[in-house]
Amino acid sequence: MNTADNTPATPDPDAGTWELRLYVAGKTPKSVTAFENLKKMCEQHLPGRYRIEVVDLIENPRLAKEDEIVAIPTLVRKLPDPIRRVIGDLSNVEKTLVGLQLRPAAQGW
Amino acid sequence: MSVTGGAGRPGLEKTPTGIHGLDEITGGGLPKGRPTLVCGAAGCGKTLLAMEFLVRGATEFGEPGVFFAFEETAGELAQNVRSLGFDLDALAAQNRVSLEHIRVERTEIEEAGDFDLEGLFIRLGLAIDTVRAKRVVLDTLETLFGGFDNQAILRSELRRLFRWLKDRGVTAVITAERGDGSLTRQGLEEYVSDCVILLDHRVTDQVSTRRLRVVKYRGTAHGTNEYPFLIDESGFSVLPLTSLGLDHPASTERVSTGIPRLDAMLGSGVFRGTSVLLSGTAGTGKSSIAAHLADAACRRGERCLYYSFEESPAQILRNMRSIGLDLGPWVATKQLRFITTRPTLFGLEMHLAAMHKHVREFDPALVVIDPISNFATAGTAGEANAMLLRLVDFLKARGTTAVFVSLTSGGGTLEATEQQISSLIDTWILLRDIELGGERNRGLYVLKSRGTAHSNQIREFVLTDLGVELRDVYVGPEGVLTGSMRAAQEAREQAAAEERKQAIATRRREVERRRAAVEAQIATLRAGFVTDEAELEHLIAAEEAADRQLRDDRAAMARNRRADANEPEPTAPGRPGGAA
């Protein structure tokens with residue numbers, strides 16, 4: 001369930017596309033909720049400049065070790081630097097935004 | 001879930017840890033296919049215990065293992081245990097051990113909503129499958145509590161984790177920090193209910209001792225005491241010290257003490273495998289006698305382990321050489337091994353543990369501990385007593401003869417040791433000062449010797465250039481005589497003997513003289529008698545001659561009176577012829 005939305009229109013001080021990776025373990029209600037919450041948030045705060053990659057660790061268990069995943073679901077912001085992690089089903093929007101450092105940036109706009 | 005523990009079920013399967021002593025205490029190892037909790041304060045050896053369990057499993061029992069480290073990285077861990085001879089890198093390369101670091105960094109993680117620890121499960125599952133692990137270590141799982149805010153989720157996930165581990169059938173060791181008033185800081189013991197092992201590292205009077213206790217082991221009988229343990233270059237070893245009964249065999253073989261006279265006092269030596277106590281005040285020659293025992297053992301071709309808590313080996317060798325006892329060759333042939341440490345270097349338990357280890361490795365026939373008095377300084381007298389009791393039991397069970405040297409302080413009764421161990425001792429040789437006539441001399445006697453008709457005599461013993469010599473003491477009106485007073489007495493006796501000899505000789509001469517006098521008298525008398533006899537014989541002869549003459553005259557007369565022939569001839573006796 002890889003999804004990629006990319007709109008290179010708006011120039012931004014944060015520069016370019018946000019690369020987000022969501023680690024899940026099978027299609028559990030939690031992972032589905034997390035993906036939906038993430039999508040909604042990105043549409044709202046990063047319209048057109050985000051990319052979400054969903055990694056299912058059941059299919060790729062090796063990635064869990066490589067990317068040091070313990071909790072599921074885990075959202076990793078790979079770009080922009082530095083790497084940020086948010087865990088949970090992202091139902092707490094406030095915390096997700098803080099975790100992704102979208103909140104201060106959003107205030108700046 | 002704890003109901004499945006099956007309390008009291010006899011055939012509970014166990015997984016041997018391979019850790020010396022731990023398997024003995026637990027009756028075979030940890031519960032197979034179940035998690036075991038190892039808890040203790042920081043730095044008490046939890047990680048090491050877990051690591052050894054894993055490594056021994058992989059190397060000795062053919063059970064690969066997975067080590068999940070929550071605190072240290074795989075590289076750090078491998079480095080830490082390399083000093084114990086565990087080559088984790090090699091084992092990992094052979095796919096017998098899988099080492100993985102679980103990094104949970106609170107500052108990098110924001111919690112936003114409901115989550116679970118499925119990532120950990122997946123990693124664990126993968127690692128187990130990769131090496132086909134039978135053993136799993138989670139060290140220290142509680143670190144997770146520092147990584148996540150939502151403790152409720154964490155707790156339910158841990159519950160699920162333990163269930164999951166059981167379902168996978170792996171024997172797991174989970175380490176946890178000790179908490180205040182509870183076994184673990186996060187109460188993990190409520191999840192792991194099958195086996196709980198508590199490690200402790202206590203410091204009493206600046207001396208630290210490590211101890212291990214099996215708090216709980218469902219479905220099996222286990223030692224409940226605290227057992228000391230050691231961590232050294234060969235890893236972890238637990239000492240099941242009090243599991244001994246009094247069922248050691250009793251040897252009837254006697255071994256020489258190296259001092260012939262002392263052997264004689266003891267009825268030809270001490271029994272092999274018994275305990276000998278040499279006690280006495282300072283400078284009474286305890287160590288010298290102990291050295292003789294050691295020397296005698298080496299002469300028999302046996303090995304001897306000599307613990308010296310006061311002198312260095314070189315010093316002992318030098319001192320013993322001065323009394324003509326050269327222990328050097330035995331050291332060279334590795335029959336004699338000195339172990340010298342200060343008693344206060346570590347706790348009593350550690351001493352005992354170390355001694356167990358040494359004795360097991362060296363397998364001596366004789367162990368000398370010189371002195372035991374110092375142990376009281378490394379613990380309380382009661383602890384020292386308990387420790388010596390265990391040591392005596394341990395050595396007896398092995399049939400090792402033990403020699404304890406005990407220094408008694410001058411003030412107290414000599415027949416009391418500070419360690420109150422006299423009841424443990426089979427042969428007690430007491431050395432004492434005998435102060436008399438302005439000098440101190442050494443006396444020795446056998447206070448007791450079980451199973452032996454031993455001498456009740458006090459002997460003076462002298463340290464000569466040729467070793468220890470036992471001499472008789474003189475009991476005079478003022479008491480026992482030793483040293484120069486003994487020498488003086490000896491001289492006196494010698495003089496008296498000389499005098500007696502003189503007297504006898506004089507008497508003998510007197511008798512000779514009397515005999516000569518009597519004989520002279522006899523000779524004189526005899527000579528007189530001979531003279532008389534000759535005279536008398538002469539007289540007799542003269543008388544007889546006269547008599548004959550008379551008769552002849554008569555006969556002649558008769559012949560002359562032939563005229564009177566009618567007359568009957570008178571018969572003269574002694575005249576056979578008569579006149580024809």
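Trainee: In which helix of chain B is B:Leu539 found?
Mentor: The model is a predicted one, and its elements are numbered from the N terminus. In chain B, the helix that spans residues 483-560 holds B:Leu539, and this helix is α15.

Trainee: Is B:Leu539 buried, partly exposed or exposed?
Mentor: Buried residues have under 20% relative accessible area and exposed residues over 50%, with partly exposed in between. B:Leu539 has 47% relative accessibility, so the residue counts as partly exposed.

Trainee: What is the N to O distance in the salt bridge of B:Arg551 and B:Asp547?
Mentor: Both residues lie in helix α15 of chain B, 4 residues apart. B:Arg551 is partly exposed at 26%, and B:Asp547 is partly exposed at 37%. Their side chains meet with an N to O distance of 3.4 Å.

Trainee: Which strands hold A:Glu19 and A:Arg51?
Mentor: A:Glu19 forms a salt bridge with A:Arg51, the closest N and O atoms being 3.9 Å apart. This pair links distant parts of chain A, 32 residues apart: A:Glu19 lies in strand β2 and A:Arg51 in strand β3.

Trainee: How many salt bridges does the structure hold over all chains?
Mentor: Side chains of opposite charge can pair when their charged atoms come close. In chain B, B:Glu253, B:Arg272, B:Arg300 and B:Glu302 are linked in a network of such bridges. Over all chains, the number of salt bridges is 34.

Trainee: Is B:Phe121 buried or exposed?
Mentor: B:Phe121 is found in helix α5 of chain B, residues 118-131. Leaving aside neighbours within four places in sequence, its contacts are B:Glu157, B:Arg160, B:Leu161 and B:Trp164. Since its relative accessibility is 3%, B:Phe121 counts as buried.

Trainee: Which residues of chain A line the largest cavity?
Mentor: The largest cavity has a volume of about 100 Å³. Its lining includes B:Arg103, B:Val104, B:Glu105, B:Glu108, B:Ile109 and B:Phe148 from chain B. From chain A, the lining residues are A:Glu68, A:Val70, A:Ala71, A:Thr74, A:Arg85 and A:Ile87.

Trainee: Which element supplies the largest share of the lining of the second largest pocket?
Mentor: This pocket has a volume of about 310 Å³ and is lined by 20 residues. The largest share, 3 residues, comes from α9(B).

Trainee: In what order do the elements of chain A run from the N terminus on?
Mentor: Chain A has 4 helices and 5 strands. From the N terminus on, their order is β-β-α-β-α-β-β-α-α.

Trainee: What percentage of the residues of chain B count as buried?
Mentor: Chain B holds 15 helices and 25 strands. Of its 580 residues, the buried share is 49%.

Notes. Residues numbered from 1 in each chain as written. Chains lettered and ligands numbered in written order. Predicted model: local features only at pLDDT ≥ 70, side-chain atom pairs only at ≥ 80, totals over all residues. Heavy atoms only, no water. Helix = DSSP H or I, 4+ residues; strand = E, 2+ residues; numbered from the N terminus. Buried < 20%, exposed > 50% of the residue type's maximum accessible area, 1.4 Å probe, protein only. Contact = heavy atoms within 4.5 Å. 1 Å grid on protein atoms, 1.4 Å probe; cavity = no way out; pocket = protein on both sides within 12 Å on 5 of 7 lines; lining within 4 Å. Points joined across faces, edges and corners; volume = space filled by probe spheres on them. Salt bridge = Lys/Arg side-chain N within 4 Å of Asp/Glu carboxyl O.
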